[in-house]
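Work through the exercises below with the sequence and the model side by side. Try each task before reading its solution.

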Amino acid sequence: MSSTTPSTPAPKKDHGRAGRDLKAAVGSAVVLLGAIAASLLFWKPAFMVIVAIAVVVAVWELRKGLLAKDIDLPEQPLMIGGVVMVVVAYLWGSAALVTATAVSALVIMLWLLRRGIDGYVKNATASVFALVYVPFLGSFVALMLAEGGRDGGGLDDPGVKGIITFILVTIASDIGGYVAGVLFGKHPMAPVISPKKSWEGFAGSTLATVGAGVALVVYLLDGEWWIGVALGLIAVVMATLGDLCESVMKRDLGIKDMSQVIPGHGGLMDRLDSLLATIAPIWLLLHYGIFT
C-alpha cells in the first residue's frame, strides 16, 4: 500500500532588503559590462549592434507587459523602426533621428489600420509611447557614441569617453542608492509606487553621482569640475524619475518584472529604466559643455 504526500511549492528565496539575488545580479552585470567594454575599446560601431539588440528586446518586453491590459503593440514595425532610428542617429545625427521617429510613428499608425477600428486609438497611442520611450531615447546613445567620429574606438575616442561617463554615472546612482537604502533606509520616498526606495537611498545616490560625475569629467573628459557636479545632479534626478516611472508602469500592469531575460535583474527594461531617462540630458550637457 503506497501513500502519497501532497506536494507543496518550494518557498521563494528571501533575498532580504536587497530584493534580488545578489550573486546572479553581479554575475549578469559583469557579463553585460564586459561585452559593452569589449565593443567600445576595439571598434565602437560594434556597440551599436548591442544597442540595436537592446531596442528589439525592450520592445518585446513592453509588448509582453502591455498585453496584461489588452494593449497589443505591433512588434514588427516597432522593432524595425527602432533599429532604423538608432542607425540613422549614429550615421547622420539628431535631425535624421527626428525625421526617422516621425516616419516610424506614421508607419506604425498605418500598420494598425490593418486590424480595424476596435482598439485603434488605444493601441496607436501605446505604440507611439513605446516608440518614444525605448528607441527614441535609446538613440541618444548613438548620438553620444558618434561624438568625435563614427569609426574607431578606445579610450582616446570622445564618443567612447562619453558613453563610459554616461554608463558609470548612472551605475553610481544605482549603487549609491542601493547601499545607502539597505544600510540606512527608513523614510520611504514613494511607498505606494516603490516601497524599497527611500530618501536615505536618494541621498546616497546624490553623493555617489556627484562624486562620480566630478571624477569622470575632470579626469576622463578633461572638463571643468562644475560640469561634473551638474552631470551628477542631472543623473540622480533623472535616474530616480526613470526608476519610479517604470515602477508605476509595472504596478499598473500588475507585474513584478518585465521579463526574466537577465538573471538576478529581471527584464532588460528593469535595467534600462534609469539609463533611458538619463541619456538625453547627459548627451546635451556633454555635447555643448565638453565636445563642442
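**Exercise 1: Fold and confidence**

The chain's secondary structure consists of nine helices and two strands; helices (H or I, at least four residues) and strands (E, at least two) are DSSP runs, numbered from the N terminus. This is a predicted model, where local features need pLDDT of at least 70, side-chain atom pairs count only at pLDDT 80 or more, and totals for chains, interfaces and linings use all residues. Residues are numbered from 1 along each chain as its sequence is written, and side-chain values use heavy atoms, with hydrogens and water left out.

Solution. 
- Step 1. pLDDT is the predictor's confidence in each residue, from 0 to 100.
- Step 2. Treat residues 1-12 separately: their pLDDT is below 50, and this stretch has zero contacts in the model beyond near neighbours in sequence. Contact means heavy atoms within 4.5 Å.

**Exercise 2: The strands**

Task: In which sense do strands E1 and E2 pair, and over how many bridges?

Solution. 
- Step 1. Locate E1 at residues 188-190 and E2 at residues 194-198.
- Step 2. They pair in the antiparallel sense, over two bridges. Two strands pair if DSSP finds at least two bridges between them.
- Step 3. Ala190 stands opposite Ser194 in E2.
- Step 4. Three residues lie between E1 and E2, which form a hairpin.

**Exercise 3: Salt bridges**

Task: Which residues are linked with Asp72 in a network of salt bridges?

Solution. 
- Step 1. The cut-off here is a side-chain nitrogen of Lys or Arg within 4 Å of a carboxyl oxygen of Asp or Glu.
- Step 2. The structure holds six salt bridges.
- Step 3. Arg63 bridges to Asp72, with the closest N and O atoms 3.0 Å apart.
- Step 4. Arg115 also bridges to Asp72, at 3.8 Å between the closest N and O atoms. Arg115 is in the loop between H4 and H5 and Asp72 in the loop between H2 and H3, so this pair ties together parts 43 residues apart in sequence.
- Step 5. The network therefore links Asp72 with Arg63 and Arg115.

Task: Where in the chain do Asp252 and Lys69 sit?

Solution. 
- Step 1. Asp252 and Lys69 form a salt bridge, the closest N and O atoms being 4.0 Å apart.
- Step 2. Asp252 is in helix H8 (residues 225-253), and Lys69 is in the loop between helix H2 (45-66) and helix H3 (75-92), 183 residues apart.
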